[in-house]
Amino acid sequence: MSTSILIIVAVSVAIPLIITVVVLKNVRSAFGGSKEDQAKAQNLVATGSKARAMVLRIQPTGMVVNMINIQCLVDFQLEPLGGGAAFNGQKKMMINQTQMPRVGDVWPCWYDPANPAAFAVPAANQFGNAP
């Protein structure tokens, strides 16, 4: 009898802990990405080519954190500053509702010319909505 009670208590403690760890990991990745993603972005800023990224579309994914930060898929048209054809890209970002970008906003961007799908734009709260 006491063994079954210990098992029930252990499971009752373990399941909420596992759920908490999974949720916190997802929230962390939504807000700033992993350290690896941040290092890639810093590398692009340091070594990548510059472009203008115009916001084409903002689509909420349905994930909301603290009732104010919305995860969105943001579609951009990237226009290389050094010339060349414009191309499209998409980023998943957490955006504060009070700093939501508008379609047509232009942000600075850095990209890898060898792999244009790899690009970095600042977070909305780092750059603001100024065109």
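These notebook entries record what I looked up in a predicted model of a protein chain.

**Entry 1. Overall layout**

I began with the secondary structure. The chain has three helices and five strands. Following the sequence, I noted the pattern α-α-β-β-β-β-β-α. I then looked up how much of the chain is covered. Of the 131 residues in the chain, 25% are buried.

**Entry 2. The sheet**

In what order do the five strands of the sheet stand? I found an open sheet with the order β3-β2-β1-β4-β5 and antiparallel pairing. Strands β3 (87-96) and β5 (115-120) stand at the edges with a single partner strand each, so one side of each has no neighbour in the sheet. From one strand to the next, the twist averages 45°.

- Strands β2 and β3 pair in the antiparallel sense over ten bridges. In this pairing I noted Val74 opposite Lys91 in β3.
- Strand β1 (residues 49-65) pairs with β2 over eleven bridges, again in the antiparallel sense. Here Val55 stands opposite Phe76 in β2.
- Strands β1 and β4 run antiparallel and are joined by six bridges. The bridge partner of Ala53 is Trp107 in β4.
- Strand β4 (residues 106-112) is joined to β5 by three bridges, and these strands also run antiparallel. Asp112 stands opposite Asn115 in β5.

I also checked the cover over strand β2 (residues 69-80). Nine of its twelve residues are buried, and the strand is mostly covered.

**Entry 3. The turns**

I next looked at the connections on either side of β2. Strands β2 and β3 form a hairpin with six residues between them, and Gly83 in the turn has a positive phi of about 95°. Strands β1 and β2 form a hairpin with three residues between them.

Which residue in the turn between β1 and β2 has a positive phi of about 60°? I found Asn66 there, and noted that Asn66 is not a glycine. Met67 is found in the loop between β1 and β2 as well. Met67 also has a positive phi of about 60°, although it is not a glycine. I recorded both residues because most residues other than glycine have a negative phi.

Are Asn66 and Met67 buried or exposed? Asn66 counts as exposed because its relative accessibility is 65%, and exposed means over 50%. Met67 counts as exposed at 76% relative accessibility.

**Entry 4. Salt bridges**

How many salt bridges does the structure hold? The count comes to four.

The side chains of Arg52 and Glu79 meet in a salt bridge at 4.0 Å, N to O. Arg52 lies in strand β1 and Glu79 in strand β2, so the pair ties together parts that are 27 residues apart in sequence. I noted that Glu79 is also the bridge partner of Arg52 in β2. Arg52 counts as partly exposed at 44% relative accessibility, and Glu79 is partly exposed at 43%.

Lys40 forms a salt bridge with Glu36, with the closest N and O atoms 3.5 Å apart. Both residues lie in helix α2 (residues 35-47), four residues apart, about one turn of the helix. Lys40 counts as partly exposed at 49% relative accessibility, whereas Glu36 counts as exposed at 54%.

The side chains of Arg102 and Asp105 meet in a salt bridge at 3.4 Å, N to O. Arg102 counts as partly exposed at 46% relative accessibility. Asp105, in contrast, is buried, with a relative accessible area of 4%.

**Entry 5. Cysteines**

I searched the whole structure for disulfides and found zero. Cys72 counts as buried at 0% relative accessibility. Cys109 counts as buried at 1% relative accessibility.

**Entry 6. A nonpolar patch**

Which residues make the nonpolar surface patch of about 440 Å²? I listed Ile7, Val11, Ile15, Ile19 and Val23. Ile7 is found in helix α1 (residues 2-32).

Methods:
Residues numbered from 1 in each chain as written. Predicted model: local features only at pLDDT ≥ 70, side-chain atom pairs only at ≥ 80, totals over all residues. Heavy atoms only, no water. Patch = residues over 30% accessible without salt bridge, like charges linked within 9 Å, V, L, I, M, F, W, Y side chains within 5 Å. Areas by Shrake-Rupley, 256 points an atom, 1.4 Å probe, with all protein chains shown as cover. Helix = DSSP H or I, 4+ residues; strand = E, 2+ residues; numbered from the N terminus. Pairing = 2+ DSSP bridges. Axes fitted to C-alpha atoms, helices over the stretch in contact; angles between N-to-C directions. Buried < 20%, exposed > 50% of the residue type's maximum accessible area, 1.4 Å probe, protein only. Disulfide = S-S within 2.5 Å.
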